[in-house]
Amino acid sequence: MSQKVIQDLIRSSFPDLNKSSLEAFAACAVLVHAKKGTELIAEGKRHKHFYLMVEGSAKTFYVKDGKEICTWFAFDEEVLATIKTFNDRSSNESIVLLEDSTLVQFETSSVKALAASNLELSHLLNALLTEHALFLEEKLYQLQFMSSQERYKALIAAAPEVLQRVTLTDIASYLGVSRETLSRIRKNK
């Protein structure tokens, strides 16, 4: 795949990158096509990559007592990583594709080395980490202070495509409710 195609895909998500930063960032990446069910990051393992979802969807989850507990969903133009693997540690969670997907795969160590000498990419990584921290803060707030009905409404407002692209079982898991409770919530919306 040509670097120009990868650069165009990166530019669609990060339009403010200057040409030299974009070229350097793209040089750390390859384009991959993966099938539904592909595990990008596995619990208990270290991973050398993070991803930009070009087209497709994924879920992140923990496993407790043999049951998947979904923590978030990713769709087009979202970054896929775990903080632990980004810091060269074993992940506590897994990321699996929910659809056949196209992704830009970045080599983490190369991007981090580049960011050490490229202020613009350093700012980009900082912005991505800040965005993730804000997401986690909002999720914690929702879990502590919102009812399951309010969390459902917030999920649909933030990602309306979730109902077409994610199973009701995974949505219920994300909300921390049973499928039956999710059915009642959906009837009463």
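**Exercise 1. The aromatic cluster**

Task: Which residues form one aromatic cluster?

Solution. Phe14, Phe25, Phe50, Phe86 and Phe106 form one aromatic cluster. Keep in mind that this is a predicted model. Now count pairs across the whole structure: there are 6 aromatic pairs.

**Exercise 2. Classify two ring pairs**

Task: Classify the pair Phe50 and Phe86, and the pair Phe73 and Tyr174, as stacked, tilted or edge-to-face.

Solution. 
Step 1. Take Phe50 and Phe86. Their ring centres are 5.6 Å apart, and the planes make an angle of 70°. Pairing needs centres within 6.5 Å, and an angle over 60 degrees counts as edge-to-face. So Phe50 and Phe86 form an edge-to-face pair.

Step 2. Phe50 belongs to strand 3 (residues 49-55), while Phe86 belongs to helix 3 (residues 83-86). The pair therefore ties together parts that are 36 residues apart in sequence. Phe50 and Phe86 are both buried.

Step 3. Take Phe73 and Tyr174. The centres are 5.4 Å apart, with 45° between the planes. Under 30 degrees would be stacked and over 60 edge-to-face; the rest are tilted. So Phe73 and Tyr174 form a tilted pair.

**Exercise 3. Charges over rings**

Task: Over which rings do the charged ends of Lys59 and Lys139 sit?

Solution. 
Step 1. The charged end of Lys59 sits over the ring of Phe61, at 5.2 Å from the ring centre.

Step 2. The charged end of Lys139 sits over the ring of Tyr174, 3.7 Å from its centre. Tyr174 also pairs with Phe73.

**Exercise 4. The cavity**

Task: How many cavities of 30 Å³ or more are there, and which residues line the largest cavity?

Solution. 
Step 1. The count is 1 cavity of 30 Å³ or more. The volume of the largest cavity is about 40 Å³.

Step 2. List the lining: Lys139, Gln142, Leu143, Arg151, Tyr174 and Leu175.

Step 3. Assign elements. Helix 5 (119-145) and helix 8 each give two or more residues to this lining. Helix 5 gives the most, with 3 residues.

Step 4. Sort by type. The lining of the largest cavity has 3 nonpolar, 1 polar and 2 charged residues.

**Exercise 5. Thr60: buried or exposed?**

Task: Locate Thr60, decide whether this residue is buried or exposed, and list its contacts.

Solution. 
Step 1. Thr60 is in strand 4 (residues 58-64).

Step 2. The relative accessibility of Thr60 is 0%. The cut-off for buried is under 20%. Thr60 is therefore buried.

Step 3. Leave out residues up to four places away in sequence. Thr60 then touches Ile69, Cys70, Thr71, Trp72, Glu93, Ser94 and Ile95.

**Exercise 6. Positive phi in two loops**

Task: Where are Asp65 and Asp88, and what is the phi of each?

Solution. 
Step 1. Asp65 lies in the loop between strand 4 and strand 5. Its phi is positive, about 50°, although Asp65 is not a glycine.

Step 2. Check the accessibility of Asp65. The value is 77%, so Asp65 counts as exposed.

Step 3. Asp88 lies in the loop between helix 3 and strand 7 (94-97). Asp88 is not a glycine, yet it has a positive phi of about 60°.

Technical notes
Residues are numbered from 1 along each chain as its sequence is written. This is a predicted model: local features need pLDDT of at least 70, side-chain atom pairs count only at pLDDT 80 or more; totals for chains, interfaces and linings use all residues. Side-chain values use heavy atoms; hydrogens and water are left out. Helices (H or I, at least four residues) and strands (E, at least two) are DSSP runs, numbered from the N terminus. Buried means under 20% relative accessible area, exposed over 50%, partly exposed in between (1.4 Å probe, protein chains only). A charge sits over a ring if NZ of Lys or CZ of Arg is within 6 Å of the ring centre and within 35 degrees of the ring normal. On a 1 Å grid over the protein atoms alone, a cavity is a set of points where a 1.4 Å probe fits but cannot get out, and a pocket is an open set with protein on both sides within 12 Å along at least five of seven lines; lining residues have an atom within 4 Å of a point. Grid points are joined across faces, edges and corners, and a volume is the space filled by probe spheres set on the points. Ala, Val, Leu, Ile, Met, Phe, Trp, Tyr, Cys and Pro count as nonpolar, Asp, Glu, Lys and Arg as charged, and the others, Gly among them, as polar. Contact means heavy atoms within 4.5 Å.
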